[in-house]
Amino acid sequence: MKLVIHSKNIEITDAIREYVHQKIEKAASHFQNITNEVDVHLSVARNPRINTRQAAEVTIYANGSVIRAEESSENLYASIDLVADKIARQLRKYKERRQDQKTHAQPTEVVVAESVVPDLIGDRTPELPNEVVRTKYFSMPPMTLAEASEQLQLVGHDFYMFRNSETGEINVIYERNHGGYGVIQPRNGNGHTNGKNGKSSHTNIVMPEKLHSK
């Protein structure tokens with residue numbers, strides 16, 4: 001298992017490196033058969049209005065899936081402990097879900113709303129940060145909406161970008177404030193998407209109950 005440590009605003013000492021290896025390798029010890037690579041990002045955020053926060057983020061690449069966990073506290077070693085426990089739970093859920101899918105394969109119910117959303121930001125003015133503080137690169141294999149919703153839960157974000165296996169287009173799936181999931185799709189010049197329904201640039205979808213559990 002390949003483990004890479006990155007840092008921001010903090011020096012990675014031998015003691016820190018050894019502690020990360022000890023905790024993260026232990027957390028992933030029962031899942032090495034599905035774990036390809038582990039990225040650990042340690043950082044210190046200094047804000048004069050709040051206490052210094054020391055964060056530990058772990059990203060695991062497992063058989064084409066991405067599993068992510070992040071924790072922060074006022075102590076780096078405590079953050080590493082917390083994120084190690086969290087990533088172990090995420091791996092366990094991922095493995096159980098894969099086994100359940102193999103045993104009880106069920107079709108995914110997808111309900112598509114045909115309304116077109118012309119403008120996602122309304123009268124708000126988009127604002128970009130002054131500088132890019134972090135850039136991430138990752139592979140984007142084609143996947144279904146059901147597979148994308150699973151990835152959304154595994155990475156711990158409220159959105160997930162993926163390549164739709166049915167259309168070949170880049171889509172974004174996200175958690176809606178009032179429950180369920182939404183999908184943002186590209187729209188071509190005639191106001192329609194390139195998908196099979198050809199009618200919606202913004203869809204709401206309903207997934208099976210087991211996909212909503214976290």
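Residues are termed buried under 20% relative accessible area, exposed over 50%, and partly exposed in between (1.4 Å probe, protein chains only). The model is predicted, so that local features need pLDDT of at least 70 and side-chain atom pairs count only at pLDDT 80 or more, whereas totals for chains, interfaces and linings use all residues. Residues are numbered from 1 along each chain as its sequence is written, and side-chain values use heavy atoms, with hydrogens and water left out.

With a salt bridge defined as a side-chain nitrogen of Lys or Arg within 4 Å of a carboxyl oxygen of Asp or Glu, the count comes to four. One of these joins D81 to K23, with the closest N and O atoms 3.7 Å apart. D81 belongs to helix α2 (residues 76-103) and K23 to helix α1 (residues 14-27), 58 residues apart; helices (H or I, at least four residues) and strands (E, at least two) are DSSP runs numbered from the N terminus. D81 is partly exposed at 26% relative accessibility, and K23 is likewise partly exposed at 26%.

A further salt bridge connects R68 and E57, at 3.2 Å between the closest N and O atoms. R68 lies in strand β4 (residues 65-73) and E57 in strand β3 (residues 53-62), so the pair ties together parts 11 residues apart in sequence. R68 is buried at 10% relative accessibility, as is E57 at 5%. E57, R68 and E70 are linked in a network of salt bridges.
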